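Please work through the following exercises with the model at hand. Each task is followed by a solution in steps.

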Amino acid sequence: MEIFENSKFLENVITIRWSLPLNAEDVTAWNLLSSLRGVRSRKYDTLQKWTYACTQAGGFRSRWGISSFGSQLLVTFQAAWLKEKWMNLDHYSQKIVDLLEQTLNEPLLNEDVLEESRFLMREALMYRQSNPGAAAMETALKTCQKDHPVSVNMHGSLEALKTVTLKDLQSLNGLLEKQPCSIYGMGEFDPAVLKFLNGFVQQPPEPLSCFPLQTQEAVRTVIEKPIVQSSMVQTYQSGIVSTDDAYPVLQVLNGLLGACQSSILFDVVREQHGCCYYIGSFVVESCGLLGISVQADAGRLDEIRRLIRQVLEDVSRGEFDPHLLVLVKNELHDQIDSIEDSPRHLINRQFKDKVLQRSLTLEQRHQRIDNVTIEDVKKAASRLHLLSECAVVQEDKKDE
Amino acid sequence: MNEKNPLPVKVVRKTLDNGMQVILLHKPGFVRSLFMIGIPAGGGNLAEIKQGKQVQHPSGCAHYLEHQMFRLNGEDVTSVLSEHRTQCNAWTSLDSTCYFVWTSASPREPLEILIDFVQTLDITPETVEKERSIILAEQQDERQDPDRQGVLEIYRSLYHHYPARNEIVGETEDIRSMTEQDLRSFYDAWYDPSRLILTGITGEDPHKVMHWIEQKQKEYPARSRDKLTPVTTAEPDTVHRKHFQKQMDVQIPLVFLGIKLKTEPDPQKAIVKTAALNYWMSSLLSPMNQDFQTWLDSQLFSDLSWEAEITPDHAAIVIEGQAQDPQAFLDEMRRVLKSRMPVSPQTFESLQISSKASYLRTLEDYDSLSEEVTCAALKGQDFFENSRAVQDLTLKQVNDFVMQLDLQEDCDVMILPQDKNES
């Protein structure tokens, strides 16, 4: 357990993570388990009781969730509660320990709760399918490389949802309860809370296993829908993953292309050509995927594709204002420093350092960004290889 | 907060010689600084009386101007701010426009750049033209969003004239014909320093920061302190339309129920009434109400949210649900509202604790805090006093208020899946 004493923030925050092998078939069931663990327990067996208990404990907040990290499935529990001195409530620490105990050790798993969670998840998935941006993202990731962890839809699927049984959830819950976890906390903790947390079987987080993407012939998908604005997502293989020393190069390239406020895609596609309101880029660090996402009229998608190609070629030849690199690095430096003001981000940074098996000072974090050269960026850009593209377009406006 | 633990944010205020109000919130030990300048006009400001004359603006003017403001001395100000490890953004609401910068580096230069670019209009016909297609694309992005469209349509149902019924981004024709002169006219009316609020949240010494601001603002004397009176049309007590349906690419219907309430002319009383209304709504439409479980068991909805506000110029409850059976959802929501179930002592106590916790969390969140403080100040109010008034509410006040609510004027909107036969 890593507890960071900190008097700066008003809240205490803890994060508990369990690491398990990522298995695509189980993702929907893990989602269901996460959602039903967060709203009831054996003692607080109705939504009403759970809600009252949380508010009476000073607005105690907790959240269960799952995510993928390389080949691992991470089940994450996060809780936050205001420090006792701000709330002046009787038996405050006992109430916090009670809620932690209930949500972590006393889940209520029965058919009624399962059916409620199944209904809510089904409708959430259906709502998500209506969102062109989400649909484009999911399809682009799904098709970027068959059987790669990044192609697993971590939201789950409607088909799998129909078949999950209570026994499946009990089985996954049993796995979770046997699995050691890693605990991180930031704040000023009552000894009773620490004693409770110490009761868990713990182990340091597993080192990250990265699976770089392989090149493939680009898979292009077009989905027509009765919508008024189209969405397109492209995915590229960069060959750089977060365990590589060269990873800051991908961070800088991503910022330069579309993740920072002074980015080339924003400048060229939006500002110079007025093709869209939104364009941006992102990375999936454990596999070195770089993605580009845009919302625009379908009639302009071909022009946008051409402009993206041109930008990538220009960057790979170093044909861009070198001062942009300074501006992007400035923004990354600011992000590094800003983490100091967020207990959640500080905890996440500690966790990430552990799985990447590194220990960096603030100065070293900045130095890694500063060390990236134009030559590094050119080289990384020249190696980008288009893996997939999905365009969700307005009906009757398909431009291919 | 209490005698042992004073407020974790120290507040320093000053009204400067040019009339600008400055509110600085000191967060000792924090590395970030955020500065926001608020303008008391937004997408709803389509006309005002100035020196006895009526000045008209095209729809979308405030928003179009917001897009154009990020220029200074012919340069894009985002790059200039990036030089100082600073990011920037802005938003336009119905009644305000806010620009903000944030950084973990030394805040003086970014603060001065914010002041310069908001208090200097640097536009040309070319820059206005260049922005047009971007704003039209933004308008389409918004029209794609079923939630946003549902909210807009319920406002169109609730109100005959109140500007919430218009798109903040503007009508297509107005965006297509927006001119440099339109934007200048809006800027001249509303961007005078005497009308602006500058809010800062910083770990720096607030007195030092206030001194920087005072020095800088000497470059921007007030140009006009004329009273501006927005032109409004009296809003009838009745709703504009009872029922409305629209088809979009959704798989599950989105349903909106709007209830038009009586406005409250006294802004302070309006704050208290809004708080009482929200306490009641929370007791009705959250899991604290035992009916909530029955609703989920019967799959009445899979998502439920609401907003409720009473102000001097508009007052309404809007409930939004994702529901397979829209009519059943509407019937049940109407039933539960009209039951006027009072808030129980246990629920009231929980809501008070939640309210206090939510207030404390806002103090830790730069984005929410700057927005809350600035928007309250733009309305002539104080965020901290408003919060205190909310926390001082009694159970009797809440339940007495609920009993006298007039809930007769209601309307509904359904965003329905496309009819496959028609599409």
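**Exercise 1.** Determine which elements cover the buried residues of helix 14 of chain A in this predicted model.

*Solution.* Step 1: the buried residues of helix 14 of chain A are A:Pro343, A:Leu346, A:Ile347, A:Arg349, A:Phe351, A:Asp353 and A:Val355. Step 2: their cover includes strand 2 (11-21), strand 3 (61-69), strand 4 (72-82), strand 5 (181-187), helix 13 (322-338) and helix 15 (362-370) of chain A.

**Exercise 2.** Check the span of helix 14 of chain A against its number of residues.

*Solution.* Step 1: helix 14 of chain A has 13 residues (343-355), which at 1.5 Å a residue should span 18 Å. Step 2: the end C-alpha atoms are 19 Å apart, which agrees. Step 3: just after this helix, A:Gln357 takes a positive phi of about 50 degrees.

**Exercise 3.** Identify the parts of chain A that the salt bridge of A:Asp341 and A:Lys8 ties together.

*Solution.* Step 1: the closest N and O atoms of A:Asp341 and A:Lys8 are 2.8 Å apart, and the two residues form a salt bridge. Step 2: A:Asp341 lies in the loop between helix 13 and helix 14, and A:Lys8 in the loop between strand 1 (2-5) and strand 2, so the pair ties together parts 333 residues apart in sequence. Step 3: A:Asp341 counts as buried because its relative accessibility is 9%, while A:Lys8, at 23%, counts as partly exposed.

Technical notes. Residues numbered from 1 in each chain as written. Chains lettered and ligands numbered in written order. Predicted model: local features only at pLDDT ≥ 70, side-chain atom pairs only at ≥ 80, totals over all residues. Heavy atoms only, no water. Helix = DSSP H or I, 4+ residues; strand = E, 2+ residues; numbered from the N terminus. Expected span 1.5 Å × (residues − 1). Buried < 20%, exposed > 50% of the residue type's maximum accessible area, 1.4 Å probe, protein only. Contact = heavy atoms within 4.5 Å. Salt bridge = Lys/Arg side-chain N within 4 Å of Asp/Glu carboxyl O.
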